[in-house]
Amino acid sequence: MAPLSILIVGCGVAGTPLATFLLSASQPAKEKPHITILERASSPRPQGQNVDIRGAGVTIMRKLGIETMVRNAITHEEGVQFVDEHNTIWAQNAADKTGKVQTGTSDLEILRGRLAEICYLRSRAVSDEVKKEGGHGIEYIFGDYLETLDQDGEKLYVRLAKSGEKRTFDIVVGADGLQSRTRRMVWGENGEGERVKQVAGMYGAFFSLPKTANDSLWRRWYSAPGRRGIMVRPSDARNPDRMTAFMMIMNDTDERLKSAAKDGRKGMEVQKKLVAEYFDGLGWECPRIVKEMQEADDFYYDMVAQVKLDKWSKGRVVLVGDAGYCASPISGMGTTLALNGAYTLAGCLTKHLINTPTPTNDPSAAFDAYETRMRPNVDLAQKLPLGGRAPYIMNLETAWGIWARNVIVWLISKSGIITFVARFAGPPANKVKVEEFGFRQLEEWQDEGEKV
């Protein structure tokens, strides 16, 4: 039987680890899957918002052999400070650097794009090893995307939008994020409103900006009336003179916010203008941040949402990471879910499809096993803090409400019970167990041409 041909759509923190684990199974190189990774961007983008790796994600990171590179690339965020319009610090909650308690800042905070870049470099190194041994390895296609995707039960037939090239695959994996084109093509545009569930009417804008004297390794969180807020956070060692910003708006009545989110990157000018409108005239450092947002070339705007599907596969197409079960940035579990999903899907494909005593080309058993293992983890991660009320409690409508919240977080900070609170309200990363699938343990690795 010919090696399985797999198309992975998306070169992010789910797509490339999936490919790496598939090539780390025990079969001979010539029998390993033929993998193609399709990425719409013209090259890996090292920017992106701050994300964290927790619990099971740390275990999987170590299985990939990238712990050294990840730890060399973290932002070293010390924790979060709640500040007012005068930049007065009302309270600060330090990160738990042991990784044992899941506070708001983990011991492994990293830019999402930088983590994706490390995962890509790791996959490329493993692919090169497989090719040296006579296998196919991974083919990377940047700067293109799917125009059509059809299946007949035996194969999948795709056409690339820019090159016009037609390809045939056994499996297509959608690892293309919250606004997954793969999901919309296969499950249908009409149901997206039911599948993508916005959290608390929240929208967010991400970008980087120059560092100033007020910036440090602490995340500063400023809140304004009208459920608006800004977080300014440290970047990484590559960019010690820069910070990252997250501007948040909670509003479920302004249709302009929703419309702007649907436009994606092509609507950047309108998105920036809209976000600026919401923060113009506010105190603190809003004038500086709005100005830098207007000039940012790494700006990204979208709704804050979760993805919920009854089933993550349809025929020969399967979803992984945010494309299938985004938990939202509020959960603190998105990156860990992506890594765990990639690892589990690779394990189930290997066990039930690739490395079976009786050769088969039917992925249904593998997809079912993947869903059975991952569904409890996803359900746990998508249970947002305080029953989903946390965004409303932390982002208040009135100045008085913000003052009251600041007093409460000051009392909690001074009492020293924040660690106790985090054990119950923090991300549930340590509750997730990692199953063994028999993949080769990859040696700790650093790309020779990479200067971290």
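**Notes on a predicted model: rings, charges and a sheet**

1. Now look at the rings. How many aromatic pairs does the structure hold? There are 16 aromatic pairs.

2. Tyr 343 and Phe 439 are another pair to find on screen. Their ring centres are 5.8 Å apart and their planes stand at 70°, so this pair is edge-to-face. Tyr 343 sits in helix H11 (residues 334–354), while Phe 439 is in the segment after helix H15 (418–425), so the parts they tie together are 96 residues apart in sequence.

3. Arg 40 places its charged end over the ring of Tyr 145, 3.8 Å from the ring centre. Arg 405 lies over the face of Trp 221, and here the distance to the ring centre is 5.7 Å.

4. Next come the salt bridges, and the structure holds 31 of them. Arg 54 and Asp 52 join their side chains in one, at 3.0 Å from N to O. Arg 54 is buried with a relative accessible area of 2%, and Asp 52 counts as buried at 10%.

5. Asp 170 and Lys 155 form a salt bridge whose closest N and O atoms are 2.6 Å apart. Asp 170 is in the loop between strands S10 and S11, and Lys 155 is in the loop between strands S8 and S9, so the pair ties together parts that are 15 residues apart in sequence. Asp 170 is buried at 4%, whereas Lys 155 counts as partly exposed at 29%.

6. Which residue does Arg 288 meet in a salt bridge? The partner is Asp 215, at 2.7 Å from N to O. Arg 288 lies in helix H9 and Asp 215 in the loop between S12 and S13, so this contact ties together parts that are 73 residues apart in sequence. Elsewhere, shared partners link Arg 62, Glu 67, Arg 71 and Asp 107 into one network of salt bridges.

7. Finally, follow the open sheet. Its 7 strands run in the order S5-S4-S13-S14-S15-S12-S16, with mixed pairing. S5 (89–94) and S16 (300–307) are the edge strands with a single partner each, so one side of each has no neighbour in the sheet. S4 (residues 79–83) pairs with S5 in the antiparallel sense over 5 bridges, and Gly 79 stands opposite Ala 94 in S5. Helix H7 (residues 255–262) lies across S12, S15 and S16, at about 95° to S16. Helix H9 (residues 286–295) lies across S12, S13, S14 and S15, at about 85° to S12.

Terms used. Residues are numbered from 1 along each chain as its sequence is written. This is a predicted model: local features need pLDDT of at least 70, side-chain atom pairs count only at pLDDT 80 or more; totals for chains, interfaces and linings use all residues. Side-chain values use heavy atoms; hydrogens and water are left out. Two strands pair if DSSP finds at least two bridges between them. Helices (H or I, at least four residues) and strands (E, at least two) are DSSP runs, numbered from the N terminus. Contact means heavy atoms within 4.5 Å. Axes are lines fitted to C-alpha atoms, for helices over the stretch in contact, and angles run from 0 to 180 degrees between N-to-C directions. A salt bridge is a side-chain nitrogen of Lys or Arg within 4 Å of a carboxyl oxygen of Asp or Glu. Buried means under 20% relative accessible area, exposed over 50%, partly exposed in between (1.4 Å probe, protein chains only). Rings of Phe, Tyr and Trp (its six-membered ring) pair if their centres lie within 6.5 Å; planes under 30 degrees apart count as stacked, over 60 as edge-to-face and the rest as tilted. A charge sits over a ring if NZ of Lys or CZ of Arg is within 6 Å of the ring centre and within 35 degrees of the ring normal.
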